[in-house]
Amino acid sequence: MRRSTIVFIILTACISELRSQDFFASDLLALERKIYVCKTDSEKTPFLIQKLNLYISRSDYSMNALKEARRINYELISMPQQRDRFLWNAALLCQLNQQSDYAIYYYNRYKEKTGDSSITTTLLEILIQSSHDTSLVSLLTERLSSKDSSFHCLKCLNTMGSYEKRNRAAYILSSVVVPGLGTALEGYPLKGLNSLLISAAITYGVVALVQSQDYPAAILIGAGLGVKFYIGNIRLTNKLFTDRESRQKGMLAENCKHSMNELLKKYPLQFK
Amino acid sequence: MFLLALTCHLNGQSSEQYIRSTLLKNTFDSYSFTPAPKRKLLDLSTKSFLSRINPANYLAAGILFVYQRIFSEQIQAQCKYVVSCSEYTKLSIQHHGLIMGSLIGLDQLSCCFPTVTVDYPEYLLNTKMQVINNGLDE
Amino acid sequence: MSKWFCGLFPLLMLFYNATSAQADKKLLHYLAVNKLWQEEAAYLHELPSKVPDDSLHYFWAKYYLQTGADSFFLSAYEKSKNLFLDDTGSSNLANIHFLVRPAGVRQKWFTSYDEKKGTPLSQSIRMVYDASERPLEANPQLLPDKLEDDFLQFRKSFHHKAWIAATLSAAVPGLGKLYAGRKASAGMTFILNSAYALQAYESYAKLGPRNAFTIYSIGLFGLFYTVNVYGSWHAVKEVRKERKTQFLIHAEEYYRFHYPNSLYF
């Protein structure tokens, strides 16, 4: 008897897993049928909420779930608790799907309705606003730091966003004066030497052609290749400068990500 | 019951982890720096035996390699085609053989200038006003 | 007894279908309009026990047509041809849809499509397709007015011969490209070749024929001259393909805008 019970449990578990996808779609359909027969939007809302909750309970936070959330008019949710839960879930769902404009909308409505200023709520606001409003992010970071000193590390969000490597103009000017100098000073001596050699070779060629009175060839090589490589050397200096800046920013972001990860472990953001 | 509770706990944990990693990815990945991939050598491995022993193919591969690795970055050219002229030549040689491939590639090179876009219908232009030349001719 | 139950119950779960609805066209329409693909697929999966086989394939064909799964659509369409062709809205939509699909699938659809049951709209689309395949035999006046210019441009490219373009370019660099319809490229090719020719001539005159730079200059001119001839030949063929695709894209846009068909009307 005990053996057959174990077999029963294992078989049921396996088959449930196999059929879960089908059941999920069927459950969605069953709810959609109910929505379909409803006459008014307020009648539809509870079923739409159920549908969204079905997605969330299945840990499906894809665009399909977001689409369901966007079908819901939060003003038609009669129970305040349910409405607040929906607004929070919708904000988180939007942020997970990189729809930060919608996330801001839902988050602001949530904040308006609940006045919630808990740590997790502020943390979500920081994440949502990180690419929009840096001054707000720094204000929120200050606020959180006063509650828990471990939030000091979030200042990196502002440092990272506003990071700019200095003296770009100086490097570019160096390359204007001596081809390749700016590139070499940026830490790429071989590339810089390459620029210098190419420019020197073209200049030598043009001079030689002028001396042999082959003016069309001199103009063609000078105006075609010469100018292209000279401007190219300046562009290369600028590009390498930008690359370095981005690399530095990337490193700052990586450190910041690590700190944020620790904070999110301590204060997890979850669907309600 | 115990099994059910364990599954729920594991599910909850993985969902929390997913939310955390996705939020971090969405917030910080735009700052991460990924250098442009290094261009590869002309691939002759799929060509016939005669092509593989033809020194002219290796000469073309060498010229393209030196151009892409050394000269291309020195020019910092902004090609009007989605697939740059040198890359297109390389792909054309791989696809059509040395002579035809070189002619097709050089033809694109000789037409690579800012106003060339007026020659192409709008469905072949992307948002950066570059000509979409991804598909090689059959 | 309990052993039998333990073995059979999970198997029963595997084959159990939660609902047993009749095919409800209005519900299908609602699901399609709201783009609820998961739900629509779930609904169609629940149908087999209740609806005849060909109508099930017909519903699946509509589903695949909406989701853009062409090969699945064609297979489902083959199994429910009569039913699908009776539905003018769907067949018109399929006609419009396949105008801009890859050449192989497009051809497969239009050859399998039964014209006899066609509406004036489907006949018009068919005419556009035939014109795109055989432009020289088509009558432009039978096509919709707004597509006439596009078609004439496309047909003009068919009158152009690749060998004439190559010969023109051999005579005057860039002229072949102008003939093919690539005006900007023609100008640039002419300037480039003239500059290389001038450089080669000057080098020859000033440095002599045995000078390395002269050999390089002549070689470079020869290379770009050959490229110009080949480029013109190639341009004629390319322009034909481009204008055909452009014509079909405009046709698809035209029909979608002027005849907004819904699948479930």
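Predicted model: local features only at pLDDT ≥ 70, side-chain atom pairs only at ≥ 80, totals over all residues.
1. The contact between the two chains draws 20 residues from chain B and 30 residues from chain A, two residues being in contact if their C-beta atoms, placed from the backbone, lie within 7 Å. On the side of chain B that touches chain A, helix H1 (2-28) and helix H3 (55-75) of chain B each supply at least two residues, and the largest share, twelve residues, comes from H1(B). Helices here are DSSP runs (H or I, at least four residues), numbered from the N terminus. By class, that side of chain B divides into nine nonpolar, eight polar and three charged residues, where Ala, Val, Leu, Ile, Met, Phe, Trp, Tyr, Cys and Pro count as nonpolar, Asp, Glu, Lys and Arg as charged, and the others, Gly among them, as polar.

2. Residues are numbered from 1 along each chain as its sequence is written, and chains are lettered from A and ligands numbered from 1 in the order in which they are written.

3. In chain A, H4(A) and helix H5 (residues 100-114) pack at an angle of about 155 degrees with their axes 8 Å apart, the axes being lines fitted to C-alpha atoms over the stretch in contact and the angles running from 0 to 180 degrees between N-to-C directions. H4(A) is therefore roughly antiparallel to H5(A), a term for angles over 145 degrees. The residues of this contact comprise ten nonpolar, three polar and four charged.

4. Helix H3 (residues 63-70) of chain A packs against helix H4 (residues 80-96) of chain A at about 140 degrees, with 10 Å between the axes. The contact is made by A:Ala65, A:Leu66 and A:Ala69 of H3(A) together with A:Ala90, A:Leu93 and A:Cys94 of H4(A), and its residues are six nonpolar, no polar and no charged.

5. Helix H2 (residues 41-57) of chain A has 17 residues and reaches 24 Å from its first C-alpha to its last, close to the 24 Å expected, that expected span being 1.5 Å times one less than the number of residues. Among the buried residues of H2(A) are A:Lys44, A:Lys51 and A:Tyr55, a residue being buried if 20 or more other C-beta atoms lie within 10 Å of its own. Just after H2(A), A:Ser59 takes a positive phi of about 55 degrees.

Notes. Buried ≥ 20, exposed ≤ 12 C-beta atoms within 10 Å, placed from the backbone. Parallel < 35°, antiparallel > 145°, perpendicular 65-115°, else oblique.
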